[in-house]
Amino acid sequence: MGKKEDNKTRSFTNDLDRHSDFDHDPDFDLDEYIRNQSQESGNIVIEEETKDPDRYLFKNAILIFIVFAAAFLWFNNWNPSEAFTFVFGNNEQATEVTAGAPDIDRLEIEIPEPPEIPTVPGVEAPPAPASNLDMSITEYLSVLQDKGYLGDEISGFSARQLYDANVPVSYLDELQNAGFLEDLSFVYITNYYQNQIPLSYLERLQDAGVYEELSFVDVTAYYNDDIPVEYLVTLNEAGYLEELSFVYVTNFYNAGVTVEFLDQLKEQGLYDDLSFLDIVDLYQRENGDG
């Protein structure tokens with residue numbers, strides 16, 4: 001009987017019975033009493049949190065983590081065992097990782113030998129340029145300097161290139177006397193000298209007014225293919241020379257294509273869309289040669 005009575009629910013009436021002062025107080029306010037008791041209980045909790053704030057922060061952090069973890073598991077339809085496996089792995093995976101790890105003590109790295117560079121029979125590395133000018137490069141530059149060429153008409157770099165190309169000082173003198181040295185780069189000078197372009201041909205092109213329109217490649221091609229200066233002048237006066245390469249000009253001349261035929265193609269709107277092969281073929285067909 002005693003145990004059953006100890007387990008009875010405690011009520012506010014039993015508490016009030018213990019306070020004899022309240023039994024005979026006609027002004028006793030039960031609601032006020034309950035409110036005071038609630039405030040006292042709240043103050044106790046606040047005092048406990050104030051005494052040990054880290055304890056309550058840790059509890060709140062655990063509760064927040066549990067809430068987010070539960071939401072994450074619910075969203076991904078995972079059960080607790082799957083979540084544990086995802087975070088910590090399982091024994092089988094750990095065993096596989098350990099078994100698959102290389103033995104550092106036994107690891108051997110083989111570095112392949114570089115392949116041999118194949119040699120081509122009869123082909124050797126080009127030798128350093130040798131000059132046949134019977135003078136050293138410093139002597140060559142000294143002569144150019146004495147003549148007033150070095151620095152004004154020819155830079156130090158250009159002078160070294162001319163020396164390596166075996167261009168004699170006498171050829172530079174001829175260009176200077178003809179009035180070409182100042183306007184020509186070492187590339188032009190080297191090509192004219194090596195292709196043995198006579199200065200008389202350069203002078204004819206200059207006198208005809210077509211020299212400025214031509215590159216050293218054009219000049220060399222026209223000279224070697226015996227293209228008359230007069231044909232170049234005709235093309236230049238009609239406005240074709242500047243826009244045509246030496247390939248077009250050489251093929252037009254050898255096929256006999258006239259300026260009048262080119263004008264005809266332009267009037268018909270065909271000129272810009274035709275290659276030199278097309279133009280040559282059309283000209284031969286029109287003139288009974290095809």
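Buried means under 20% relative accessible area, exposed means over 50%, and partly exposed lies in between (1.4 Å probe, protein chains only). This is a predicted model, in which local features need pLDDT of at least 70 and side-chain atom pairs count only at pLDDT 80 or more, while totals for chains, interfaces and linings use all residues. Residues are numbered from 1 along each chain as its sequence is written, and side-chain values use heavy atoms, with hydrogens and water left out.

**View 1. Arginine 204 and glutamate 230 form a salt bridge.** A salt bridge here is a side-chain nitrogen of Lys or Arg within 4 Å of a carboxyl oxygen of Asp or Glu. The N to O distance in this pair is 3.9 Å. Glutamate 230 lies in helix H14 (residues 229-237) and arginine 204 in helix H12 (residues 199-207), so the pair ties together parts 26 residues apart in sequence. Helices are DSSP runs (H or I, at least four residues), numbered from the N terminus. Arginine 204 counts as partly exposed because its relative accessibility is 43%.

**View 2. Lysine 147 forms a salt bridge with aspartate 173.** Their closest N and O atoms are 3.6 Å apart. Lysine 147 sits in the loop between H8 and H9, and aspartate 173 in helix H10 (residues 169-178). Lysine 147 is partly exposed, at 40% relative accessibility, whereas aspartate 173 is buried, at 19%.

View 3. Aspartate 281 is partly exposed at 32%; arginine 285 is exposed at 59%.

Definitions and conventions:
Helices (H or I, at least four residues) and strands (E, at least two) are DSSP runs, numbered from the N terminus.
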